[in-house]
Amino acid sequence: MGAMTPIELERMREEARREARLGENGPRARIIVHMGTCGIASGAQKVLDGCAREIETGGIQGVVVSTSGCAGLCSREPMATVELPGRPPVKYAGLDAGKMRRILKEHVLAGRVVEELALGVGEERRGAQEAGPGEKLSGDNGYGGLPRLADLDFFKHQTLIALRNRGRIDPEKIRDYIREGGYRALARALTQMTPQEVISEVKRSGLRGRGGAGFTTGMKWELCRNSPGSEKFVVCNGDEGDPGAFMDRSLLEADPHAVLEGMVIGAYAIGASHGFFYIRDEYPLALKRVGTALEQARETGLLGADILGSGFSFDAEVIRGGGAFVCGEETALMASIEGLVGRPRQRPPYPVESGLWGKPTTINNVETWANVPPIIEHGGAWYASIGTEKSKGTKVFSLVGNVVNSGLLEVPMGIPLRRIVYEIGGGVREGRKLKAVQTGGPSGGCIPERLLDLPVDYERLTEVGAIMGSGGMIVIDDSVCIVNLAHYFLSFTQSESCGKCTPCRAGTWQMKRILERIMEGEGTARDLEKLAELAEAVKLGSLCGLGQTAPNPVLSTLRYFGDEYEAHVRHKRCPALVCKPMIRFRIEASLCNGCQVCARQCPVEAITGVKNEVHYLDSEKCTKCGFCTAVCQFDAVVKEPVAAGM
C-alpha cells in the first residue's frame, strides 16, 4: 500500500472498531481463545479446533472465533472469552473441547452463561489513568451470579500498562492493535514532537530499564542521541533465560506491535534508522508473531521509509539467539548479533557510545519498550504518578513456584510483596507454610517470610539482598531445602558462565562444590566461612552482571536461613527432608494395608510384602526417589531425618 498518514491511520482505526462491533450488521457473538504458550501447552489448540469444527459442522452463522495471547492466570488455562452484543464479556477457565462445546451451545447460542465454568465477567482494569478500583458494571447485565473480573483477587490489584491489551487483541492482526489505539503514540511523536521532546517526556516519566539494571531509560536515550556518529541502532533484548520467568516471552507473543511501536519511537528519539529484535530460539511462538508484526507494519506503512509522512525512516529485523544465558548481558548480546561468540566485554565504553559495530546503540528489554507508547500518549507525568518516589510506573512479574495462582501479573511499583503472594497469588497450598520468595531470577535473592511486607521496588529489594531482575518471582514453601535451592540457582549460573573471567568461571564452581559437600552431609564450619568469602570475591571481581550477581542466592540464604545451613553442617540434618544422605524412608506398619501399589512402583524393588499384609522397605536398596510416598494413598510411607552416613 502507499504511504500511511496520521489521518489514514485514524480512518483505519475507526474501520477496525466498526468491524469489531457485535450485533446489527456485524457478528452476533465472538469467542476469543487465549493462545499463549501456557494456553497451548495446556490444550488450548484442541479447544480452538473443537470450537471451529463445531461451528462449521453445525452450520452456525454469525459467530466469530479469534485468538489472543496469555490471559494472565496461567494456572487456569486453557481459557476463553465469550462476547455477546450489549453484554459484558465472560471469561471461562479450565477448558477442554467438551466444555467449549457446552459453552457454545448454552452461552453463545442460547444466552445462558455456564456459571460453573466461568471465571468472571467484565473487563480487567486497564491503563491506570485512574487510581481507584476497576470500572463497575451497571446492573447485573444478565450475569448477576458471576463475580466481576476486576473484583477477583488475582486481577483487582493489577494495573495494566505494558499488558494493556491482554486478552483483547489477536497478536497476528495489526488492525486489532490499531483498533485499541495502537500507533497513535507513534503518530504523535513523529508529527507533533521533536526527538528531544520525546526524550524529555520519557525522562519525566521516570521509566527505568525493566531488564534488571534499572537505569533511567530517558537518560540512556539522551546519551545515545548525543553520542557522535551518523549511524545508530536500537535493540530489543528478548533473551529472557531466567528459570521461571516468562514476562518478555508472553509480551512478545501477545502484543508484538506494542514493543515494535516503542522501538520506532525510541529510534526516532535517538536518531537510529535500524533496529534488532534479539529473541532466543527457544521462543518459537514469539519469533513467529514478531516476524508477522514486522511484515504487517511494513505493508501498512508503519515501518520502512517516510513513516506517517514524517520523513523519518526505520526498519527492524529479528536475530535468533542460541540460548546462552549470558547473551542477556548487553555486550554479549551485541557480540552475538555481530556473529561473534556471545561473551561480555569490559565497560566503558558503554553501548550508547560504542555498541554494534562500534556505533552508538540503545538496548532496552521487551517490557521497557512496551511502556513507551502509553507514556508518549498520556504523558510522562501520568506515568510518574504511579509507583514510588524512585521506582515509577508498574512492573510485570511472572509468579511461579509453590503458589496457588501462578501466572503473569502487572502491578504498581511499591505494592507489598505479601499482597502479591497471598492475594494475587492465593498463597501457598494447603498444609504448607511460606518460607521465602525469590526475586530476580537465578541471580536474585531469597526474601524470608518475615520481610513480606516489603514494598516491591528497585531500592527496597536491593536493601534486603535481592534484586528486581527482569521480573521472575518464585514462591518457596517449607517443602524446599534452602541449601538445595541455592545449589540449584548457582548450578544454573555456573553452567551458563561464558568462562571469560576467573572469578565467575572458577569461583562459582568452587561455591557449587562446597554446597554439594554440605548437602551430602560432609560440610564443615569452615565451609560456611569459605562459601561467604568466595561469594563476596565473585561478586566484586567478575566482569559482567552474570558473575557479579551469581552469588546473590547464596549470600541471601546465608543471611536469612543460616540456621538451615547450620543444621546441615553441625547436625547433619536437612530440615526440609530433601537432601538424600540425610533422610530415609520407612513403612509405618499401623497405616499399611498391603495394597502393593508402592511395591509395584518401586524401580529398584526395595519394597516387598504379601498382598493385604504389612510391607517392608529395605533401606539398603532404597534410592530415595520418593515414588512410594507419591503413590501411597494411606500416608504409610514415611520420610524422616537421619544423620548422614547412617
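These notebook entries record what I looked up in a predicted model.

**Conventions.** I number residues from 1 along each chain as its sequence is written, and I use heavy atoms for side-chain values, with hydrogens and water left out. Because the model is predicted, local features need pLDDT of at least 70 and side-chain atom pairs count only at pLDDT 80 or more, whereas totals for chains, interfaces and linings use all residues.

**Entry 1: salt bridges.** I searched the whole structure for salt bridges (a side-chain nitrogen of Lys or Arg within 4 Å of a carboxyl oxygen of Asp or Glu) and found 43.

I looked up Arg 320 and Asp 281, whose closest N and O atoms are 2.8 Å apart. This pair links distant parts of the chain, 39 residues apart: Arg 320 lies in strand E8 (residues 315-321), and Asp 281 in the loop between strand E7 (274-280) and helix H12 (284-300). Helices (H or I, at least four residues) and strands (E, at least two) are DSSP runs, numbered from the N terminus. For burial I use relative accessible area: buried is under 20%, exposed over 50%, partly exposed in between (1.4 Å probe, protein chains only). Arg 320 is exposed at 56%, while Asp 281 is partly exposed at 38%.

I then took Glu 529 and Arg 526, which form a salt bridge at 3.1 Å between the closest N and O atoms. They are separated by about one helical turn, because they stand three residues apart in helix H20. Both are partly exposed, Glu 529 at 44% and Arg 526 at 41%. Elsewhere, salt bridges with shared partners join Glu 123, Arg 168, Asp 176, Arg 179 and Glu 180 into one network. Within this group, I noted the bridge between Arg 179 and Glu 180 at 3.0 Å, N to O. Arg 179 is buried at 13%, whereas Glu 180 is partly exposed at 23%.

**Entry 2: helix H19.** I checked the span of H19 (residues 502-519): its 18 residues reach 25 Å from first C-alpha to last, close to the expected 26 Å, the expected span being 1.5 Å times one less than the number of residues. Its buried residues include Cys 504, Gly 507, Met 511, Lys 512 and Glu 516. The buried residues of H19 pack against helices H18 (482-496), H20 (525-541), H21 (545-549), H22 (552-560) and H23 (562-570), with contact taken as heavy atoms within 4.5 Å. Just after H19, I found a positive phi of about 80° at Gly 521.
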